[in-house]
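Here's a walk through the fold, strand by strand and then down to a few side chains. Have the model open and follow along.

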Amino acid sequence: MSARFVIGIDLGTTSSVVSFVDLQEATPVSRVFSLLQEQTSGVTVESQLLPSLLHLPPEGGAEKVGLIAREQLAYTPCLLYTSPSPRD
């Protein structure tokens, strides 16, 4: 049995993205997944890019990734983790 889809994942230092190709289409084309992300507390948006950020709140609160983690940078910069850039 051959695979129907090919999935590509780019775990970038700035942003991450997931794409796919449906091999059963007449002309296979690469498409990027849109991801639902929390942008600010209670506000969810669709975006093709997921910022490569992780927010670890003090005292065991819920971890946050992506856009909402970037938002938290303004409030608790010491609790935000990013992957190092090749330029660092």
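Predicted model: local features only at pLDDT ≥ 70, side-chain atom pairs only at ≥ 80, totals over all residues.

S16 stands opposite L50 in strand β6. Residues are numbered from 1 along each chain as its sequence is written, and side-chain values use heavy atoms, with hydrogens and water left out.

Back to S16, which is also the bridge partner of L11. L11 sits in strand β1 (residues 5-11), and β1 pairs with β2 (residues 15-22) in the antiparallel sense over 7 bridges. The two strands make a hairpin with 3 residues between them. Further along that pairing, I7 has F20 as its bridge partner in β2. F20 in turn stands opposite R31 in β3, where β2 and β3 (residues 30-32) run antiparallel and share 3 bridges.

Now zoom out for a moment. The protein chain has 1 helix and 9 strands, and from the N terminus on the order is β-β-β-β-β-β-β-β-α-β. Of its 88 residues, 22% are buried; buried means under 20% relative accessible area, exposed means over 50%, and partly exposed is in between (1.4 Å probe, protein chains only).

Next, look at D22, which lies in strand β2. Is D22 buried or exposed? With 8% relative accessibility, D22 counts as buried. Setting aside neighbours within four places in sequence, D22 is in contact (heavy atoms within 4.5 Å) with R4, F5 and P28. A polar atom of the D22 side chain also lies 3.0 Å from the backbone nitrogen of Q24.

What about charge pairing? Side chains of opposite charge can pair when their charged atoms come close. The structure holds 2 salt bridges, a salt bridge being a side-chain nitrogen of Lys or Arg within 4 Å of a carboxyl oxygen of Asp or Glu. In one of them, the side chains of D22 and R4 meet at 2.8 Å, N to O. Since D22 is in β2 and R4 is in the segment before β1, this pair ties together parts that are 18 residues apart in sequence. R4 is partly exposed, at 39% relative accessible area.

E25 and R31 also meet in a salt bridge, at 3.0 Å, N to O. E25 counts as partly exposed at 27% relative accessibility, and R31 is partly exposed at 35%.

Finally, turn to the surface. F5, I7, I9, L11 and F33 form a nonpolar patch there, with about 530 Å² of accessible area together. Patches take residues with over 30% relative accessible area and no salt bridge, joining like charges within 9 Å and nonpolar side chains (Val, Leu, Ile, Met, Phe, Trp, Tyr) within 5 Å. Accessible areas come from the Shrake-Rupley method with a 1.4 Å probe, and for residues only the protein chains shown count as cover.

Terms used. Helix = DSSP H or I, 4+ residues; strand = E, 2+ residues; numbered from the N terminus. Pairing = 2+ DSSP bridges. Polar contact = N/O pair within 3.5 Å; in protein donor to acceptor, adjacent residues only side chain to side chain.
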